[in-house]
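Grab your viewer and try each one before reading its solution.

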Amino acid sequence: MKISVLYLGRLECRKYHLIECDDHKELIKSPIMSILIEHPILGNILYDTGNSPYYSTEYPASTLETYPVAEFISIEDALKEKGLTPADIDMIILSHLHFDHAGGLRYFTGTKAMKNVVVSEAELKNAFCQVMTGKPGAYVKGLFDLEEIRFKTIDKDTELAGGGIRLFIQNSHTPGVTGMILETKSMGNVIVTSDTIYTCDSYQKELPPGGPINKTKKEFYDNLNRIKAMEKEYSAKLLFGHDYEQVLKWKEKGVII
Ligand SMILES: [Zn+2]
């Protein structure tokens, strides 16, 4: 199994939205990331798809104001750098359906991946409930309510056939963020948290996001404690949801075997 971190540009938002802090003016670079997994049995798997190319017209003004897109790299271009096209992807796993993770789905129109989109049931229900009741938050209906899409839902922690990839469902940030434990030869186990923990700093200093994204801080801390236990159990390295320095460093590693 080979994994590659794909850098898909960045948002530039107030730091306190990612990590609680007193200064509500300070800005932070929030990278957009996807992970390509080349699996010997399951084929090419993509974890998250980045922003929509039409973000400037598709995202609500309030979203663009809070989370301005400072740099956009399409998932299509990032795959091209790896010698792949959307048609080469066999499966898409979405950590959750927020705009910066589900926005690139439409590049997969007409491909086999579009019929094989894995997401947690809790997340899918939450996303549709939010958009259909007019409380969309960071969900944009048009990004994932696509005619030909077929979701495959998981409702518990799941090891994918063929081994090497274990999905786990977290109840923080949204009710069903799917994280991953990846087995690599060169780096050992890697835990991908997605947005339940945005940055290394947030994890090490145990600081939750300061914005309105978590309903309660308890969710953040319960999940943080679970990740800490998993880090020990699997002797794992951690890859966080939106840590700019970390994403660039992991992208530089190239293909991780
Ligand atoms: Zn995100």
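**Exercise 1.** This is a predicted model. Find the protein donors of the zinc ion and work out why the arrangement is irregular.

*Solution.* 
- Start at the metal: Asp100 (OD), His101 (NE2), Asp195 (OD) and His242 (NE2) are its protein donors, sitting 2.0 to 2.2 Å away.
- Next, read the donors off along the chain, and you get the spacing D-H-x93-D-x46-H.
- Asp100 belongs to helix α4 (residues 99-102), while His242 is in the loop between β12 (237-240) and α9 (244-252), so this pair ties together parts 142 residues apart in sequence.
- Check accessibility too: Asp100 and His242 are both buried.
- A tetrahedral call would need all angles between 85 and 135 degrees.

**Exercise 2.** Work out which residues of helix α5 are buried, and what they pack against.

*Solution.* 
- Get the helix's dimensions: α5 (residues 121-132) has 12 residues and spans 16 Å from first C-alpha to last, close to the 16 Å expected at 1.5 Å a residue.
- Pick out the buried residues: Glu123, Leu124, Asn126, Ala127 and Val131.
- Look down the axis of α5: the buried residues fall within an arc of 165°, so they line one face of the helix.
- For packing partners, the buried residues of α5 go against β6 (117-120), α6 (141-144), β7 (151-154) and β10 (174-184).
- Finally, step just past α5: Gly134 has a positive phi of about 75°.

Note on methods: Residues numbered from 1 in each chain as written. Predicted model: local features only at pLDDT ≥ 70, side-chain atom pairs only at ≥ 80, totals over all residues. Heavy atoms only, no water. Donors = N, O, S within 2.8 Å, 3.2 Å for Na, K, Ca; no water. Tetrahedral: all angles 85-135°; square planar, octahedral: opposite > 155°, others 65-115°. Helix = DSSP H or I, 4+ residues; strand = E, 2+ residues; numbered from the N terminus. Buried < 20%, exposed > 50% of the residue type's maximum accessible area, 1.4 Å probe, protein only. Expected span 1.5 Å × (residues − 1). Arc of directions from axis to C-beta. Contact = heavy atoms within 4.5 Å.
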